[in-house]
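Here is a short briefing on one protein model. Look over the sequence and the fold, then read on by topic.

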Amino acid sequence: MQIIPAIDIKNNKCVRLLEGVDDTSKTYNNNPVEQAKYFEQTGCKKLHIVDLDAAFGRPHINTDVIKEIRKTITMPIQMGGGIRSKADAEKYLNWGIDNIIIGSMSVNQPDVIKSLSKKFKRKIYVSLDIKDNKIMVKGWKEQSEIKIEEILDLYLNTEIKGYVITDIKNDGMLKGLDTEFIKNIVQKIENIDNYGKSIIIAGGLTNYDDLKNLNRLKMKNVEGIVSGKSFYEGNIDLVKAQKILDNNA
């Protein structure tokens, strides 16, 4: 399991939100490119980027900084936020983004995602953004009627890479991981999917105890956990966090 640092970009700055609400942003670094370089130099194996402006319907604001991050670092990048068309998806992949994370379109246009996954095998994560056991779409502002199990059935026999599970109520709150929530969602995926799709967890990581609790769940298909505010507020050191995950202690 990897610790995956996050860069959420808003107005070309590195910020964090509370529960994904647009007007709660706090700036942590005015230079996302330098932040990305730091993560690579620290030894992280993957970077998680979210274009918040695009997620809230303001595309193009962060285009240059995202391209510059891709040019500056060599480690893999997974990216989400406002990818709501086939053209959006292909644009990021053509820029050299390694994996894209798609939420709303995965729910509303599954045939498009299936088509993309055939062309870009193992490049797409379906984003399961969950609040009160409901999947949220359009920047987490609207509740979808589709059930989690229905989404998993839709993508069972496809070439998507896996799922990014976000616990929205916990995102940016520093209240600790909801391990029961994680265990239940991961079990649903593993019960339905026999192909070993990767799972990434986001939302709620607070301290080292959370990482130890994750290890205790013994989840075989969990690729990594995203660290956002837990890093930026100084709660965890990324090197120590990775050692905990590696040692399964």
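**Briefing**

N12 counts as partly exposed because its relative accessibility is 30%; the class lies between buried, under 20% relative accessible area, and exposed, over 50% (1.4 Å probe, protein chains only). The model is predicted: local features need pLDDT of at least 70, side-chain atom pairs count only at pLDDT 80 or more, and totals for chains, interfaces and linings use all residues. Residues are numbered from 1 along each chain as its sequence is written, and side-chain values use heavy atoms, with hydrogens and water left out.

- Most residues other than glycine have a negative phi.
- N12 has a positive phi, near 65°.
- N12 lies in the loop between β1 and β2; strands are DSSP runs of E with at least two residues, helices are runs of H or I with at least four, and both are numbered from the N terminus.
- N11 is found in that loop too, between β1 (2-10) and β2 (13-16).
- N11 also has a positive phi, near 55°.

**The cavity**

- A cavity is a set of points on a 1 Å grid over the protein atoms alone where a 1.4 Å probe fits but cannot get out.
- Grid points are joined across faces, edges and corners, and a volume is the space filled by probe spheres set on the points.
- The count is 1 cavity of 30 Å³ or more.
- The largest cavity has a volume of about 590 Å³.
- Its lining has 40 residues, and H48, V50, D129, W140 and T166 are the closest to its centre; a lining residue has an atom within 4 Å of a point.
- That lining divides into 17 nonpolar, 16 polar and 7 charged residues.
- In this scheme Ala, Val, Leu, Ile, Met, Phe, Trp, Tyr, Cys and Pro are nonpolar, Asp, Glu, Lys and Arg are charged, and the others, Gly among them, are polar.
- Elements that each supply at least two lining residues include α2 (52-55), β6 (99-102), β12 (222-227) and α10 (229-232).
- β4 gives the most to the lining, with 3 residues.

**Strand pairing around β10**

- Two strands pair if DSSP finds at least two bridges between them.
- β10 is mostly covered, with 6 of its 6 residues buried.
- β7 and β10 pair in the parallel sense over 6 bridges, and Y125 stands opposite G162 in β10.
- β10 also pairs in the parallel sense with β11 (residues 198-202), over 5 bridges.
- Y163 stands opposite I199 in β11.

**Hairpins of β8**

- β7 and β8 run antiparallel, joined by 2 bridges, and I130 has I135 of β8 as its bridge partner.
- They form a hairpin with 2 residues between them, and D132 in the turn has a positive phi of about 55°.
- β8 and β9 (residues 142-143) run antiparallel, joined by 2 bridges.
- V137 has E142 of β9 as its bridge partner.
- The hairpin of β8 and β9 has 4 residues between the strands, and K138 takes a positive phi near 55°.

**Aromatic contacts**

- The whole structure holds 7 aromatic pairs; rings of Phe, Tyr and Trp (its six-membered ring) pair if their centres lie within 6.5 Å.
- Ring pairs link Y28, Y38, F39, F231 and Y232 into a cluster.
- K91 lies over the face of Y92, at 4.7 Å from the ring centre.
- K240 lies over the face of Y208, at 4.3 Å from the ring centre.
- A charge sits over a ring if NZ of Lys or CZ of Arg is within 6 Å of the ring centre and within 35 degrees of the ring normal.

Notes:
1 Å grid on protein atoms, 1.4 Å probe; cavity = no way out; pocket = protein on both sides within 12 Å on 5 of 7 lines; lining within 4 Å. Phe/Tyr/Trp six-rings, centres within 6.5 Å; stacked < 30°, edge-to-face > 60°.
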